[in-house]
Each structure stands twice: as structure tokens, then as C-alpha cells.
Amino acid sequence: MITDSPSASGGSETNPEIGVGEPVKLDGMQVTIDKATYIPEHPETPPGFAFFILDGTLQNTDDTTVDAGALRPVLIDETGNQYVRNSVASSLGVNAPLTGGFVTAGQTLPFSVGYKIPTGLSSTILMAQILRQDTGAGVQIKIPFSSKSAVEAANISLQSVEVSDDLSSMILTGQITNG
């Protein structure tokens, strides 16, 4: 965990080194994305789409109250396509959806924000961009991404098979690599 968080102040400033679980400062606030969840099959997603949910915390590190409604979270893929918040996906997160409200000095607000993305999205990295509309400051948080399930990404190679003389057991030797 990073103890000295890079700071973003003033205009839209980005730091591609910030990732999941790492706090980043944003003009009197500290934002941390703790978890990213890809849900490829949900009854409320239209055909060809999946939900992508970010769970995190927002802490007011300023001396004044901050309006969380001034935050604009956007998800960006490798080709620059932007995805805006989806209320249904946001409601599926671990925390309450980030919809606004005031955060007093020192207060921490857990939040979830969800997006509807194409199921065939081939980006390996997604960027969570969080902009403060009241100050113009912004940060980006790098999120590793794969739309493949672990089974689809796994490479299994069988090296040997041994069957016992009494045919009661079989030993398979091989290697499984997570692609």
C-alpha cells in the first residue's frame, strides 16, 4: 500500500501508476478503488453487454465539506471509448451507489459505481477517471481487465498419465498456466 499518494490539483492531472487498492489525492479528497468486478451475465444487462463495478472509498481530507455530487466517474478503455455510470450496475456493488451528498471534513464515504460495457471488450487495461466538476481536477486509476473467464484464459498441458496396475487410480501430471 502506498503511504505517499500522488496528488492531483488544479486541472486534469493523471498518474498511470495508480492502481486498484492505492489511494490517490484529488483536491481535498482521497479516492481509493478497492475492488473491480466484471459481471458478464446478469438478467438486467441487454444482449451483448456486461456490468463492470468499481467499489471504493472517498475520504474528505479537506477542512471544509465537499459535495460528492461534484464527482464525475467515467470508465475509459484502451481505445478511448468512455462509459458513463449505469444505475443498475451501480446498485449491484458492495457499497451504496455514488450519487452525491455532502462529505464532512475527515469523513469517509464507501461507494460503488457501475458501468455497462460490451461483452466483447478486448482492452487489457481500463482507466477509472474521476473528475471534480467544481475544481476541474481529475485523476485516473489503472484497472487490469479481461473479459475472459479463468477457464477461457487457462492453458492446460498434459505431460503424462499413469494408471495403477489394478486400474483403481489414475495420476495425471501437467501444467496449468493462467493466461
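1. Four strands form an open sheet in the order β7-β6-β10-β11, with antiparallel pairing. β7 (82-83) and β11 (138-144) are the edge strands; each has a single partner strand, so one side of each is left without a neighbour in the sheet. Strands here are DSSP E runs of at least two residues, numbered from the N terminus. Two strands pair if DSSP finds at least two bridges between them.

2. Some ground rules. This is a predicted model: local features need pLDDT of at least 70, side-chain atom pairs count only at pLDDT 80 or more, and totals for chains, interfaces and linings use all residues. Residues are numbered from 1 along each chain as its sequence is written, and side-chain values use heavy atoms, with hydrogens and water left out.

3. I130 stands opposite V139 in β11.

4. I76 lies in strand β6 (residues 71-76). I76 counts as buried because its relative accessibility is 12%; buried means under 20% relative accessible area, exposed over 50%, partly exposed in between (1.4 Å probe, protein chains only). Leaving out residues up to four places away in sequence, I76 touches N81, Q82, I125, L126, M127, Q129 and Q140. Contact means heavy atoms within 4.5 Å. The C-alpha atoms of I76 and M127 are separated by 5.1 Å, and the two residues are 51 apart along the chain.

5. Strand β4 (residues 49-60) is mostly covered, with nine of its twelve residues buried. Ten bridges join β4 to β3 (residues 29-39), running antiparallel. M29 stands opposite N60 in β4. Eleven bridges join β4 to β9 (residues 108-118), again antiparallel. V113 in β9 is the bridge partner of L54.

6. A nonpolar surface patch of about 630 Å² is made by L158, V161, V163, L167, M170 and L172. Patch residues have over 30% relative accessible area and no salt bridge; nonpolar side chains (Val, Leu, Ile, Met, Phe, Trp, Tyr) are joined within 5 Å, like charges within 9 Å. Areas come from the Shrake-Rupley method with a 1.4 Å probe; for residues, only the protein chains shown count as cover. A salt bridge is a side-chain nitrogen of Lys or Arg within 4 Å of a carboxyl oxygen of Asp or Glu.

7. β12 (154-163) and β13 (170-178) each supply at least two patch residues. The largest share, three residues, comes from β12. L172 is found in β13. L172 counts as exposed because its relative accessibility is 54%.
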